[in-house]
Amino acid sequence: MTRSPTERTLQASADDHRIASLAALAIALGMVDAAIPSPLPGVKPGLANIMTLFALYTLGWRAAVWVTLLRVVGAGLLLGSLFTPGFWLSLGGALASLLLLGACRALPARHFSLVSHSLLAAQAHLLGQLLLVRLFLIPYDNILVLFPPLALATLLGGVANGLIASHLVQAHDKD
Amino acid sequence: MFKAGDYLVLLALCALLLAAFLQLGRHAGAASEVIVRQNGMETVRLPLRLNRLHVARGPLGLTEIEIHDGQARIRRDPSPRQYCVQQGWLRRSGDIAVCLPNRVSIELAGPRQAHDSLAY
């Protein structure tokens with residue numbers, strides 16, 4: 001085969017490799033999320049977000065955005081939910097929490113740990129999803145009744161994921 | 001692991017959550033009117049804020065619908081098994097009492113109609 005004159009080779013940097021492996025781990029955790037049975041439809045532990053938080057602390061916000069978006073698309077492909085309503089909800093929640101995490105860079109690290117980021121990002125995820133549902137899927141205010149119980153589940157998940165992610169970051173820093 | 005700010009964030013979120021639960025308890029399923037149907041057709045809508053007795057005539061006789069203190073019930077009905085009467089007071093939007101033999105039903109409705117079910 002002749003080489004095309006426009007062919008270009010892309011060099012993957014060390015950070016690209018790290019982002020790819022974190023995204024792969026996030027996709028695997030996303031499968032675990034999907035497999036865990038849940039008492040309420042829509043309630044998930046959100047373990048995949050541990051990798052987003054880890055990327056945020058070790059590689060920065062841009063890497064966290066990459067890891068998260070790769071995870072959303074990758075998990076959508078594996079679960080067969082690509083471009084279904086569930087996928088858009090996942091993407092909407094991810095974008096909302098990434099935007100908030102971007103804003104949270106302003107929080108001084110001396111007083112706020114990963115747990116704060118996790119808690120806030122989790123609630124942003126929920127709000128982004130509910131907003132999408134309210135605007136496009138179920139355009140009635142009645143769905144807001146779901147908010148308090150979902151927010152409670154989100155709070156618990158946010159603490160758990162934040163603690164797990166800080167353990168990982170501490171272990172990573174020791175190496 | 002936890003730093004001072006984390007407790008602050010956690011506390012703030014807990015407070016918001018509590019407020020959300022209280023707000024939900026106050027507004028959930030608030031109903032504002034009763035829809036009366038005969039033969040499946042809506043015949044009249046009665047506001048829940050006015051106490052009154054409404055009588056609907058069906059094929060078996062008279063069905064009495066009572067509205068009291070923002071609640072509604074079938075007070076009397078000629079149906080043999082009295083299911084709709086035994087249902088008692090209806091309070092929330094979407095609650096329904098059906099007197100099938102006499103072909104009368106009442107349903108509470110809010111400013112916005114609640115869903116029968118949600119499928120994910």
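## Chain B: layout and domains

Domain bounds, as used here, come from an automatic or database domain assignment. For chain B of this predicted model, that assignment gives domain 1 as residues 1-28 and domain 2 as residues 33-109. Taken over C-alpha atoms, the centres of domain 1 and domain 2 of chain B sit 41 Å from each other.

As for secondary structure, chain B has two helices and seven strands. Reading from the N terminus, the order is α-β-β-β-β-β-α-β-β. Chain B runs to 120 residues, and 22% of them are buried. Now take the contacts in chain B between residues at least 6 apart in sequence: 35% of those link residues at least 24 apart.

## A look at B:R103

Let's zoom in on one arginine. B:R103 is found in the loop that connects strand 6 (96-99) to strand 7 (104-109) of chain B. Around B:R103 there are 18 C-beta neighbours inside 10 Å, so this residue counts as partly exposed; the buried class would need 20 or more, and the exposed class 12 or fewer.

Who does B:R103 touch? Setting aside neighbours within four places in sequence, its contacts are B:Q38, B:N39, B:G58 and B:P59.

## Where the chains meet

Moving on to the interface: 18 residues of chain B are in contact with 21 residues of chain A. Sorted by class, the chain B side of this contact comes out as 13 nonpolar, two polar and three charged residues.

## A helix pair in chain A

Two packed helices are described by the angle between their axes and the distance between the axes. In chain A, the pair to look at is helix 2 (residues 49-58) and helix 3 (residues 61-79), whose axes come within 7 Å and cross at roughly 160°. That angle makes helix 2 of chain A roughly antiparallel to helix 3 of chain A, because anything over 145 degrees falls in that class. As for handedness, helix 2 of chain A passes helix 3 of chain A in a right-handed crossing.

Which residues make the contact? Helix 2 of chain A brings A:M51, A:T52, A:A55 and A:L56, while helix 3 of chain A brings A:W61, A:A63, A:A64, A:V67, A:T68 and A:R71. By class, the contact between helix 2 and helix 3 of chain A has seven nonpolar residues, two polar ones and one charged.

Methods: Residues are numbered from 1 along each chain as its sequence is written. Chains are lettered from A and ligands numbered from 1 in the order in which they are written. This is a predicted model: local features need pLDDT of at least 70, side-chain atom pairs count only at pLDDT 80 or more; totals for chains, interfaces and linings use all residues. Two residues are in contact if their C-beta atoms, placed from the backbone, lie within 7 Å. Ala, Val, Leu, Ile, Met, Phe, Trp, Tyr, Cys and Pro count as nonpolar, Asp, Glu, Lys and Arg as charged, and the others, Gly among them, as polar. Helices (H or I, at least four residues) and strands (E, at least two) are DSSP runs, numbered from the N terminus. Axes are lines fitted to C-alpha atoms, for helices over the stretch in contact, and angles run from 0 to 180 degrees between N-to-C directions. Angles under 35 degrees count as roughly parallel, over 145 as roughly antiparallel, 65 to 115 as roughly perpendicular and the rest as oblique. A crossing is left-handed if the near helix is turned anticlockwise from the far one by less than a right angle, and right-handed if clockwise.
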